[in-house]
Amino acid sequence: MFSDLPLLSLVIWTPIIGGVLVLFFSKDDQANSARWISLAFSVLTFVLAIPLYTMFDTTTHQMQFAEMVPWISTFDVNYHLGVDGISMPLILLTAFTTVIVVIAGWEIIQYKTAQYMAAFLIMNGLMIGVFSSLDAILFYVYWEAMLIPMFLIIGVWGGPNRIYATIKFFLYTFLGSVFMLVALIYMYTQSGSFEILDFHGLRLSLNEQILIFIAFLLAFAVKVPMFPVHTWLPDAHVEAPTGGSVILAAIMLKLGTYGFVRFSLPITPDASNSLDWLMIALSLIAVVYIAFVALVQQDMKKLIAYSSISHMGFVTLGFFIVYTIIENTGTTQGVALGINGALVQMISHGFVSGALFLCVGVMYDRMHSRQISDYGGVVNTMPIFASFMVFFAMANAGLPGTSAFVGEFMVILSSFKANFWIAFAAATTLIFGAAYTLWMVKRVVFGDVVNENVKKLTDVNNREFLFLALLAVAVLGLGLWPAPLLDVMNATVDHLVIQITQSKI
Amino acid sequence: MENVYLAIVLAPLIGAIVAGFFGKTIGRAGAHWVANIGVAISFVLSLVVFKHIIIDGAAPFDGTVYTWMVTDGIRFQVGFLIDELTAVMLLVVTFVSFMVHIYTIGYMQDDDGYQRFFSYISLFTFSMLMLVMSNNFLQLFFGWEAVGLVSYLLIGFWYKKESAIYANLKAFLVNRVGDFGFLLGIAAVLMYFNTLDYAEVFQAAPAMANLTIEVLPGTQWSLMTVICILLFIGAMGKSAQMPLHVWLPDSMEGPTPISALIHAATMVTAGIFMVARMSPLYELSETALSVVLIIGALTAFLMGLLGIVQNDIKRVVAYSTLSQLGYMTVALGASAYAAGIFHLLTHAAFKALLFLAAGSVIIAMHHEQDIRKMGNMKKYMPVTWICMLIGSVALIGVPPFAGFFSKDAIISAVHHSHIWGAGFAYIMVVLGVFITAFYSFRMYFLVFHTQERMDEHTKEHLRESPKVVTVPLILLAIPSVLAGMFFVMPMLFEGLFGNAIHVAPEHNVLGEIGEHYTGVMSYIAHGVLELPFWLALAGVGSAWYLYVKRPELPEMFKNKMLWLYNLLVRKYGFDEFNDFFFAGGARGIGKSFWNIGDVKLIDGLLVNGTARTVGWLASKFRHIQTGYLYHYAFAMIIGLVGLVLLFVNQAP
């Protein structure tokens, strides 16, 4: 019954319209209306996104739910939308996370509630726009537009050092994207179209490919973020309000890795092949070096931010391990395993890191501190919360049965096919990931009550229980039965493997 | 039967969920009932399975429960393999678990976390059952890590105790070091076999015996050796083999029932089970078997020595567990997998008994665990006393108690083994017998005999523990006496394990030994003529002489050999080394990466440095824009002149 509706447009524009609508309720005494309207629109968006999954044809790699309207005909720019097995799960993740963020900000945000909610709703639409754009300019517009609400969220509702953090965030990400625009325009001059799918088929020399690859790398590496352009993330997280951190960790980082898999790999396979050593090296630095850095953080949000970077290393590793596997084994067996693992890791990381930031938020709302040393023995006063925290910490440590295990497991298995030592370095996350996460848990959650402030803590309320429980179910569900997600992705990824292993020279 | 298998794992899971999530609603009694019934169902059904598979000799079951995921042409599944090995493990796990569940009702009765505790131990039972029933590496790893999780939760059960939350973090991380190797082993299996299903892997394995893998550039190592050693690293973590043993003694910070269940009888034997399960792979690599053998022998001997200097009743038993796990590992290394599993089974009974009896003593002593403050407890706790005595003689290997049969089988197996390192291992395990007897009876005499050293207040309250505590003791004492006699012939020599365990003909030491025995009596007759039996008696005698007859002597020995004493008290320095080198080292590296890499280089030099440079340049360029019209006019004139000159020169 939904088949005639322009579903993708609906999921993009419903939250944006909702966001604009909420702005009309920006007086202080209308805060409650703003909240309920935001909730309604975020839930509606999620509900509208569900048919994308249920009606998805898992047998094809073709773009589905496609919509095409000419937009700027002079330059052949179209409003062209469509999703495949890679982007569709990310859209669901985005819509789901926005619902969580709206619930999480409910009573916490008292200052300019309507604007806060509106920013998230609009960002929701824009992010979904990024994932569903099939036109490079449309993609670019969403990609850049999305920075604005995030900029405001950190800048207006952020912590004391928010100005430094926002400027760092903005300059970093903006600088990267400019190079991407250049690459996109260059490819337009070559292909005469801004269709991303046309770019996929575009024949390019190795030199062209390498330049384009580097331009994309600058844009996407900042977003992921990859070493050494990662330092904006801990700062942004620390200053961002909880909801901002959740969206940042759960969705924004994924835009970078999505870029790799939508642009870099299929458009410049030969460059990816010749520069994969760099990508693998940077990924492993993320996994190992960043894990060490995470270990010594004193600020919980910084710790989780570094943990995010470390876990995102698995995504880039899974994408770029491809060529080494083929070189080592002579077959493409194991290639799809790595890419699928990376994609699962993207979804899972959205749940787990989002949940951990929410956990920190729950404590921050009570104690107004993120310093590990201010806590200790939280389990005594917040037993239910502590159960959630330990659960998500275990997920972050990649415990089997949680979603985080699935992706890391797949990437480690496939990287073994490439090289023993790459797998070795990647698998150290088993030790380091557990070390930094559980050491934090030991210092924050366990132990006797350390001070009066902890003694006064109250356990989670119904609202907090709701969003933590929703995420826990998601983490556990995907961990115990990842098949539904994999079924959606398999056809697309198998096609991607063909694309990225065919030389374009 | 498929529904039976499913019910075996689900019953404790349901118990755990109900006790965990609805603990408040159903109350304390509700929680212990639901958990106990869940495990009881598992136990009864395990008996059914045991009868079905082993007594009736039904064909093994190998089937899928559900498909976890399909990707890249590989099916990752959750499924059960129920063969003879699984059936034995099911019985061990559910029986000990059931006993511990009953015992817990008494042991934890005053604890605030009563429901939580039941939830955890039922969850543990579920995880352990998933581990032993798995038919593939994925689920094995799931069970493997899940029991680790529950172990973590239970060691830190009393989360206010700093020592407990230190111990649980340590336990988890050390286990993760093992799992790290284990996961790489699984990755190697997937790479070469393209499946994680046991049956398919074992079937394909012989054809791969000669494959090599280049781990270090320029070296070609046997693939099977690499896979087996990587998997064994996992076993070293879980089954606490040196040098990954350091977590087990500290795990005693947890409540005693879990020391019995998890850290003695079941979880720590997961590594032993796993290697036995992988026997078709291990049989293809003598190098790996030698590694297993030597690590096991070192653990058996060196950890036993440490038991001598411990004064905490639980730690004595804990080091004894380490040492006995070493024995089981030795059996695996000698290809006597059946003997390893046999010792696992008898050990589960008598070690659970010893721990629970120790717990009973601890309850009576008001949570005092120092054996120097006990003495003559036999007067106050007759049931506990007899049970502890039974457990101890079973442990040291006095016929016809259970431990005699299994330990003797291991020692003979090593004796007959021709594998590299077997001679060394033989010496270690034989000396270990004396040590085992010595530390066991040192503890036994100090607790139950000798003069009363507890304070008056404690003495007034000393009494036998309630029925919920003593009944499990008695029920565990029965197999501690009988299990050896009952199982020795079928398990070791009559092929109870069928095809579940594969031994290459040239490694078949148990087959060689079996030729000497006609039945239980001949086994015993043979055993009492051998060295180990007399060493065990000598150990008991020495303990009696030193701690009952001449109690002043130990102090004298200690002062004479202070260096040795200090070495043992410091546990060979493993903890100090790990704390300094690994924990301290990781923090140090982390700090320097963070301060030098992120803060100084990237942020300080590159990011903020760029910002500063731009700012500095701007501040310089700003001076050009002075605001005076004649400055601009001057610049324009210079520019014009320059351009004109340029054009003039360019003109043809």
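This is a predicted model: local features need pLDDT of at least 70, side-chain atom pairs count only at pLDDT 80 or more; totals for chains, interfaces and linings use all residues.

## Rings, fold and a lysine

Over all chains, the structure holds 65 aromatic pairs. One of them joins A:F96 and A:F351, whose ring centres are 5.7 Å apart with 90° between the planes, an edge-to-face arrangement.

Now look at A:F391 and A:F392. Their ring centres lie 5.3 Å apart and their planes meet at 70°, so this pair is edge-to-face; the cut-off for that label is an angle over 60 degrees. A:F391 is partly exposed, with a relative accessible area of 22%, whereas A:F392 counts as buried at 0%.

Rings can also join up in a group. Ring pairs link A:F139, A:W143, A:F213, A:F216, A:F220, A:F260, A:F263 and A:F320 into a cluster.

Let us step back to the whole chain. Chain A has 23 helices and 2 strands. Its radius of gyration is 22 Å, close to the 23 Å that the globule rule gives for 505 residues, so chain A is as compact as a globular protein of that length. Along the principal axes, its C-alpha atoms fill a box of roughly 70 × 55 × 45 Å.

How much of the chain is buried? Of the 505 residues of chain A, 70% count as buried. Among contacts between residues at least 6 apart in sequence, 82% join residues at least 24 apart. The accessible surface of chain A comes to about 15,400 Å², and carbon and sulfur atoms account for 67% of that.

Finally, find A:K504, in the segment after α23 (483-501) of chain A. This lysine counts as buried, with 8% relative accessibility. Which residues does A:K504 touch, leaving aside its neighbours within four places in sequence? Its contacts include A:F199, A:H200, A:G201, A:L202 and A:R203, and also A:P266, A:I267, A:P269 and A:D270. A:V102, by comparison, is 402 residues from A:K504 in sequence and 45 Å from it in space, C-alpha to C-alpha.

Key:
Residues are numbered from 1 along each chain as its sequence is written. Chains are lettered from A and ligands numbered from 1 in the order in which they are written. Side-chain values use heavy atoms; hydrogens and water are left out. Helices (H or I, at least four residues) and strands (E, at least two) are DSSP runs, numbered from the N terminus. Buried means under 20% relative accessible area, exposed over 50%, partly exposed in between (1.4 Å probe, protein chains only). Contact means heavy atoms within 4.5 Å. The radius of gyration is taken over C-alpha atoms; the globule rule is 2.2 Å times the number of residues to the power 0.38. Accessible areas come from the Shrake-Rupley method with a 1.4 Å probe; for residues, only the protein chains shown count as cover. Rings of Phe, Tyr and Trp (its six-membered ring) pair if their centres lie within 6.5 Å; planes under 30 degrees apart count as stacked, over 60 as edge-to-face and the rest as tilted.
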